[in-house]
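Look over the sequence and the model first.

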Amino acid sequence: MNIEHLLSSTISQVINELFGLSGIPNDIILQKTKKEFEGDFTLVTFPYIKAAKATPEKTGELIGEQLLKNNPSIIKFNVVKGFLNFSLSNDFWLSEFKSISNESDYGIKPAKSSGKQMMLEYSSPNTNKPLHLGHVRNNLLGYSVATIMKTQGHDVIKVNLVNDRGIHICKSMIAWKLFGNGETPKSSGLKGDHLVGKYYVEFDKVYKKEIQTLVDGGMSKEDAEKQSPIMLLTQQMLLKWEANDKETIDLWKMMNGWVYEGFEVSYKKLGVDFDKMYYESNTYLLGKEIVQEGLSKNVFYKKENGSICIDLTAEKLDEKVVLRSDGTSVYITQDLGTAIERFKEFPAISRMIYTVGNEQDYHFKVLFKILEKLGYAWAKECYHLSYGMVELPEGKMKSREGTVVDADDLMDGMVATAKETTEELGKVEGFTKDELDYLYQTIGMGALKYFILKVDPKKKMLFDPKESIDFNGHTGPFIQYTHARIKSILRKFEGKSSEIIIDDNINLLDKEKELIKLQYDFPKILEESSNSYNPAVVANYIYELTKLFNQFYNECPVLKEENNTIKEFRIKLINTTANIIKNGMLCLGIDVPERM
RNA sequence: GGUCCCGUAGCUCAGCUGGAUAGAGCAACAGCCUUCUAAGCUGUGGGCCAUUGGUUCGAAUCCAAUCGGGGUCACCA
């Protein structure tokens with residue numbers, strides 16, 4: 001039982017005895033006392049003044065007096081208006097710290113101990129262009145949320161649904177066929193996904209030019225978009241692909257192969273991975289039977305032109321086509337099929353999470369609603385982890401217009417900056433070349449990942465390429481640096497921190513107590529972060545802890561402390577701090593170096 | 001236009017399941033390295049929490065309206 005629960009029940013008991021308020025459950029609102037006031041926890045007494053028939057001050061006094069008698073851990077209290085601030089004893093916090101420091105992975109529950117299995121889909125790239133900053137946010141977010149959910153003992157299956165077919169894929173194929181002259185990643189020296197992306201852009205250039213020519217010749221823009229020769233060729237190619245034409249399939253396989261090689265490199269740099277890959281070329285036909293099923297259940301209806309629809313106007317959504325009049329699938333048909341397939345394959349999953357940008361909020365509302373109407377009980381377990389777009393100062397990124405921040409360029413740039421900065425500071429004597437490479441990689445990626453994950457996923461975020469991502473202040477490298485500092489002290493300590501037995505008579509200083517109190521919060525932070533699918537909660541907490549440690553570091557000597565019991569206690573204290581920083585950062589997919 | 005999301009310091013963000021004088025970082029200015037790594041610490045200035053009204057003992061937080069920004073409303077994905 002944690003402290004708050006214990007205190008809450010004591011308080012509700014006290015309130016009950018004093019004022020005869022029996023209806024008060026254990027969910028007494030207890031908050032951390034603000035810095036400006038003395039105390040550890042605060043009870044807001046306004047809600048009880050009626051029953052107490054007394055002023056807020058008097059009510060606080062009454063409850064406070066009673067608490068002192070009932071709970072030996074509470075040693076004093078003060079009342080400011082309707083706020084009852086009370087302090088827990090030195091011994092209490094010290095023994096609390098003992099149990100924290102004895103746990104090797106404090107706050108983290110054993111793997112798969114919750115008995116819940118969850119599937120989380122993220123990344124889901126198109127195979128016609130390289131990854132950009134928007135994908136980076138998706139990947140980091142998905143990976144981090146999965147990792148955080150694992151700390152709660154959930155069995156998380158990470159899946160990637162690759163969008164590897166369709167008209168957009170054919171666009172780069174056609175452009176390569178027409179203008180590529182057999183260019184390959186090897187012959188061009190380009191990374192596979194970038195090479196394919198080059199032809200995607202090429203397609204768009206030619207397409208736009210053709211439209212212009214047609215419009216100049218007197219055609220309407222709408223017709224021109226349909227009549228453009230390159231577009232007609234692309235549509236023919238899609239038909240051939242669907243007819244399994246060998247030449248087309250071979251080309252498709254070759255070019256997709258290039259893209260996968262490129263993605264593999266990017267994923268590795270990002271540090272993300274998957275337990276299972278899905279390819280849309282395998283799943284795009286799924287869902288058609290479901291439509292038939294829905295038709296017979298009268299969830300769907302057939303229109304005069306033969307298309308099949310669902311009417312969701314009663315749900316404040318619109319009428320939605322679920323199957324084209326020519327019998328082919330639309331996007332939502334596939335998603336219906338894929339969802340059902342997944343729950344068949346993994347019947348135990350209790351949550352299906354889709355990490356997809358908020359531009360698709362509407363799509364997922366419709367998808368989940370349809371699943372519900374089809375009678376799948378698990379529909380309510382489907383969750384759209386919707387995140388905001390990454391915007392540039394001039395607005396949205398657009399692949400075709402080249403206004404994107406390329407993922408590989410960005411990552412390489414971060415690592416290069418990490419190298420420069422580190423060299424300027426000149427603190428890396430005695431590092432081997434491998435160690436340096438690892439260090440630059442870790443710091444550069446740490447800066448990028450932290451920059452992205454510290455902001456609430458739901459909110460859109462701004463990235464200005466002209467202003468490089470910082471390495472000072474509220475950043476990944478600051479946290480990494482602090483960790484390295486702690487490790488440096490621990491290396492110099494001529495004993496084993498694991499063998500230290502904490503003395504019972506230590507008198508905690510302010511900063512020491514603050515550190516313990518903040519460490520104590522870690523499990524709750526992980527839980528909250530997991531439940532809200534929000535890595536920013538962990539990110540901001542780790543920053544707070546790190547900042548507090550640096551204050552402690554400035555005020556309290558560790559190795560230079562002359563009193564040995566205090567010195568050993570502080571070693572233990574900074575050791576648990578380092579562990580929490582490390583585990584918290586791992587939740588964000590960020591590694592922390594031992595030295596930097 | 002319907003609908004959904006957002007508006008907090010010059011900039012980037014916390015705080016939003018209602019609680020005390022709204023917090024960080026960056027940028028600016030002023031201090032701190034014969035003492036465990038200065039990627040650090042301390043201090044100063046900077047805010048009608050978009051506006052107005054409502055609910056409440058109490059509102060940045062909840063509700064409504066207005067203004068401003070964005071997403072979405074395809075037999076595209």
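How do the residues of the surface near RNA strand B divide into nonpolar, polar and charged? They divide into 27 nonpolar, 17 polar and 15 charged. Here Ala, Val, Leu, Ile, Met, Phe, Trp, Tyr, Cys and Pro count as nonpolar, Asp, Glu, Lys and Arg as charged, and the others, Gly among them, as polar.

This is a predicted model: local features need pLDDT of at least 70, side-chain atom pairs count only at pLDDT 80 or more, and totals for chains, interfaces and linings use all residues. Residues are numbered from 1 along each chain as its sequence is written, chains are lettered from A and ligands numbered from 1 in the order in which they are written, and side-chain values use heavy atoms, without hydrogens and water.

**RNA surface**
- Around RNA strand B there are 59 residues, each with a heavy atom within 4 Å of the strand.
- Phe83, Asn305, Arg324, Lys427 and Tyr481 come nearest.
- Helix 18 (476–492) supplies the largest share, seven residues; helices are DSSP runs of H or I, at least four residues, numbered from the N terminus.

**Polar contacts**
- These are pairs of N or O atoms within 3.5 Å.
- A polar side-chain atom of threonine 422 lies 3.3 Å from a base nitrogen of RNA strand B.
- The side chain of glutamine 551 has an N or O atom 3.2 Å from a phosphate oxygen of RNA strand B.

How values were computed
A polar contact is a pair of N or O atoms within 3.5 Å; within protein, one must be able to donate a hydrogen and the other to accept it, and residues adjacent in sequence count only if both atoms are side-chain atoms. Helices (H or I, at least four residues) and strands (E, at least two) are DSSP runs, numbered from the N terminus.
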